[in-house]
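I opened my notebook to look up a few things in a protein chain, one entry at a time. Come and follow along.

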Amino acid sequence: MRLIPAFTVLVLSGLLGWFVIASSGPQSGFPIKLGLDLAGGTELVYRADTSGVETDTQGALNSLRDVIERRVNLFGVAEPRVELEKGSAVAGNPEDRLLVELPGVTDVQAAVDAIGATPVLEFKLLGKLKGVPTTVGTTTSIGVEQQYVDTGLTGRYLKDAQLQFSSGQSGGAAANEPVIVLNFSEEGAALFEEITRQNVGTQLAIFLDGEVISSPVIQEAIAGGTATITGSFTPTEARDLVRNLNFGALPVPIELVSSNSVGPTLGGEAYQAGLMASLVGFGLVALFMVLWYRLSGVVATVALVIYVLITIAVIKVVPITLTASGIAGFILSIGMAVDANVLIFERMKEELRSGKGPREAVHIGFARAWPAIRDGHFTMIISSAILFWIGTSIVQGFALVFGFGVIASLLSAVAISRVFLLAIVPETGTTAWRTLLDAGFYRRKP
């Protein structure tokens, strides 16, 4: 009966190995996704200007990230990555930055063009230097004795934009003139109604990229969250504007501060170097385990192979984007898997030398090593979770692979090694069995 668990593990491991090999092709449903440093691509870093945001800065930044992500997806870039990060401190305050990764795009200018000159949509009230409306914010001077005052209503609150053609009966637009209809979110609709209700008779200018494109006078409070932009648009200009607003109306301005391109050749070399380092590390660890712990080391090596299969399968299925730092995390987790086996085998060795039978020594070794293994692995899991939570993208790649690797190593070291050892080790053993299960260069006295 004790062979059944070991046989089950071998069958499941064989199926897992088949899955890893069968899904290794680029056309498979579960390819390993490589980061820019391994596959090649372009990384763009933008600085977000949140100086004009008085409240809910984080909400504006989240909206910015979503808009840029939609914008990048619109151009068909495969597996883009758009994330918010804190940059280096300027004047004591860290910068709000947007990281855009475009795998496969090695032309930096093409990447910048793909993101495009995404418009910044703003609504501002026209006032005078004296008697400025009650809704105040930053101001933009236009001409003499005039200024536009921020209302807080920006592209952040835009739900969608639609292109329509005026019938010429209302709204001041000529017949068949392109008209752009803006639909705001629920929060934006409430803000738009409040602005129009408190500022009847005042011009509400619509700014796009800092330029006034329309400045209608508020006739009455407008409920329902719909605004209309009329102007000297050609149908093509209006269509492009609607597209840009739907896929890129930025809640805050952004500025490109750095760009980096990794060629596919350099990325491929880094990937091959990472694989070679993994194989060499695995081979050296396996060799040490077999030479030092003999039969137990062979079992540990088999469990280590299964651990590698589990980790690769997780990377494929989740999926995890593998980076150079992720490979480093994988190699380090191999050491954690072996560390657990070392604790177990050393406890087994002590029990064998005290006169316990081989099978009893296995039971006691696993039981007494478990608290140290549990605490060590849980500490590493907590550390990887913290690194992933607060780290940058490079650190997150390391933390994610290392965290999954530690969990897989815990399973392979405690469960799989134990199943195999209990399947082959007898209750009572001869001197040969004791020698096989011993460790080091200690020679047992006859």
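What percentage of the 446 residues in the protein chain is made up of buried residues? I found that buried residues make up 43%. Buried means under 20% relative accessible area, exposed means over 50%, and partly exposed lies in between, with a 1.4 Å probe and protein chains only.

**Ground rules.** I noted that this is a predicted model, where local features need pLDDT of at least 70, side-chain atom pairs count only at pLDDT 80 or more, and totals for chains, interfaces and linings use all residues. Residues are numbered from 1 along each chain as its sequence is written, and side-chain values use heavy atoms, with hydrogens and water left out.

**Overview.** I counted 11 helices and 12 strands in the protein chain. Helices (H or I, at least four residues) and strands (E, at least two) are DSSP runs, numbered from the N terminus. Next I looked at contacts, meaning heavy atoms within 4.5 Å. Among those between residues at least 6 apart in sequence, 72% join residues at least 24 apart.

**L44.** I found L44 in strand β1 (residues 41-48). L44 counts as buried because its relative accessibility is 0%. Leaving out residues up to four places away in sequence, I saw L44 touch several residues, including L98, L99, V108, I115 and L256. L44 and L99 are 55 residues apart along the chain, and their C-alpha atoms are separated by 6.0 Å.

**T50.** I moved on to T50, in the loop between β1 and α3 (57-74). Is T50 buried or exposed? T50 counts as buried, because its relative accessibility is 17%. Its side chain makes a polar contact of 3.4 Å with that of D96. A polar contact is a pair of N or O atoms within 3.5 Å; within protein, one must be able to donate a hydrogen and the other to accept it, and residues adjacent in sequence count only if both atoms are side-chain atoms.

**Strand β9.** I looked at β9 (residues 204-208) beside β10 (residues 211-214): they pair in the antiparallel sense over 3 bridges. Two strands pair if DSSP finds at least two bridges between them. On the β4 (residues 121-127) side, 5 bridges join β4 to β9, again antiparallel. F207 stands opposite V212 in β10, and F207 is also the bridge partner of E122. Which way do the side chains go? In a regular strand they alternate between the two faces of the sheet. In β9, L204, I206 and L208 point one way, A205 and F207 the other way, and all are buried.

**Helix α9.** I checked the length of α9 (residues 358-390): its 33 residues should span 48 Å at 1.5 Å a residue, and its end C-alpha atoms are 47 Å apart, which agrees. The expected span is 1.5 Å times one less than the number of residues. I also saw α9 bend by about 40° at W370, with a proline, P371, following within four residues. The bend is the angle between axes fitted to the seven residues ending there and the seven starting there.

**Cores.** A nonpolar core is a set of buried Ala, Val, Leu, Ile, Met, Phe, Trp, Tyr and Cys residues joined through side-chain atoms within 4.5 Å. The largest one has 46 residues, and F345 and L421 have the most contacts inside it. I noted that α7 (264-317) is among the elements that give two or more residues to this core, and α7 gives the most, with 14 residues. Apart from this core lies another, of 24 residues, among them L121 and I180.
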